[in-house]
Amino acid sequence: MSTNMGYLRSSFVFFLLSFVTYSYATSFEVRNNCPYTVWAASTPIGGGRRLDQGQTWVIDAPRGTKMARIWGRTNCNFDGAGRGSCQTGDCGGVLQCTGWGKPPNTLAEYALNQFNNLDFWDISLVDGFNIPMTFAPTNPSGGKCHSIQCTANINGECPGQLKVPGGCNNPCTTGPCGPTDWSRFFKQRCPDAYSYPQDDPTSTFTCPSDSTNYRVVFCP
């Protein structure tokens with residue numbers, strides 16, 4: 001009897017801990033719809049994951065997580081120890097990222113449960129563009145809590161001065177950073193996205209922190 005009761009108590013405690021952990025985490029479902037492999041990356045939560053076409057990766061980020069970003073890496077080659085390199089978005093030559101990616105890379109950025117119990121999130125092209133992306137709450141509530149996207153053919157239309165293999169550099173990574181003709185190139189094609197760091201009024205989105213999960217899709 002005592003053994004069974006101990007097992008039941010342990011199971012109940014484990015259930016409660018699991019429930020508490022789940023209740024205070026926000027889920028990000030990352031899906032690759034591209035017709036090629038994307039090596040998804042996420043910091044400071046997640047690390048990295050290979051995603052073939054149609055595959056998904058779920059990241060549970062604790063409420064309060066900030067300065068966080070999700071991005072895709074392309075044309076990667078890793079060995080069995082998870083060491084290698086990527087043409088775009090490389091994070092120090094490892095599969096499991098702990099630092100930010102090397103431009104150009106399209107970014108989904110977020111900070112959870114911040115001012116007024118809101119999540120703040122955006123798509124940023126300040127580090128350039130490599131993969132089309134949508135970023136959306138799974139239960140949009142109107143206002144600034146709705147799906148956003150950057151799906152233009154930026155790689156194909158990229159000005160020669162910014163074009164690099166696999167992507168398109170933002171001038172913030174190569175020179176002057178501000179509202180210029182180059183930043184307007186990005187903003188005209190992806191009006192939801194940051195084109196330079198102070199591009200806040202049309203580029204920052206918010207959702208209630210206690211009722212929202214998110215979905216990031218490459219090549220929607």
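For this tour, Ala, Val, Leu, Ile, Met, Phe, Trp, Tyr, Cys and Pro count as nonpolar, Asp, Glu, Lys and Arg as charged, and the others, Gly among them, as polar. Keep in mind that the model is predicted.

**Stop 1: the largest pocket**

Select M67, A68, R69, W100, E109, Y110, A111, F120, W121, D122, Y194 and T204. These residues line the largest pocket. Its space comes to about 180 Å³. Now colour by element. β5 (68-78), β7 (107-111) and β8 (118-124) each give two or more residues to the lining. Which classes make up the lining? Eight residues are nonpolar, one is polar and three are charged.

Stay with R69 and W100. The charged end of R69 sits over the ring of W100, 3.6 Å from the ring centre.

Next, pick M67, another lining residue. M67 belongs to the loop between β4 (56-62) and β5. Is M67 buried or exposed? Its relative accessibility is 63%, so M67 counts as exposed. Check its backbone too: phi is near 50°, a positive value in a residue other than glycine. Most residues other than glycine have a negative phi.

**Stop 2: the aromatic cluster**

Select F28, Y110, W121, F135, F205 and Y214. Ring pairs link them into a cluster. Two of these residues, Y110 and W121, also line the largest pocket. The model has eight aromatic pairs.

Start with F28 and F135. Their ring centres are 6.4 Å apart and their planes meet at 45°, so this pair is tilted. F28 is in strand β1 (residues 25-32) and F135 in strand β9 (residues 133-137), so the pair ties together parts 107 residues apart in sequence. F28 is buried, at 0% relative accessible area. F135 is buried as well, at 0% relative accessibility.

W121 is in strand β8 and F135 in strand β9, 14 residues apart, and the pair links distant parts of the chain. W121 has a relative accessible area of 1%. That is under 20%, so W121 counts as buried.

The charged end of K144 sits over the ring of F205, 4.5 Å from its centre.

**Stop 3**

Select residues 38-43, strand β2, and residues 47-51, strand β3. They run antiparallel and are joined by five bridges.

Zoom in on the loop. P44 is found there, between β2 and β3. The peptide bond joining T43 and P44 is cis, with omega about 5°. Most peptide bonds are trans. I45 is in this loop between β2 and β3 as well. I45 is partly exposed, with a relative accessible area of 23%.

**Stop 4**

Go to P103 and P104. Which kind of peptide bond joins them? The bond is cis, with omega about 5°. P104 is in the loop between β6 (84-88) and β7.

Finish at N75, in strand β5. Its phi is near 50°, a positive value in a residue other than glycine. N75 is exposed, with a relative accessible area of 54%.

Definitions and conventions
Residues are numbered from 1 along each chain as its sequence is written. This is a predicted model: local features need pLDDT of at least 70, side-chain atom pairs count only at pLDDT 80 or more; totals for chains, interfaces and linings use all residues. Side-chain values use heavy atoms; hydrogens and water are left out. On a 1 Å grid over the protein atoms alone, a cavity is a set of points where a 1.4 Å probe fits but cannot get out, and a pocket is an open set with protein on both sides within 12 Å along at least five of seven lines; lining residues have an atom within 4 Å of a point. Grid points are joined across faces, edges and corners, and a volume is the space filled by probe spheres set on the points. Helices (H or I, at least four residues) and strands (E, at least two) are DSSP runs, numbered from the N terminus. Two strands pair if DSSP finds at least two bridges between them. Rings of Phe, Tyr and Trp (its six-membered ring) pair if their centres lie within 6.5 Å; planes under 30 degrees apart count as stacked, over 60 as edge-to-face and the rest as tilted. Buried means under 20% relative accessible area, exposed over 50%, partly exposed in between (1.4 Å probe, protein chains only). A charge sits over a ring if NZ of Lys or CZ of Arg is within 6 Å of the ring centre and within 35 degrees of the ring normal.
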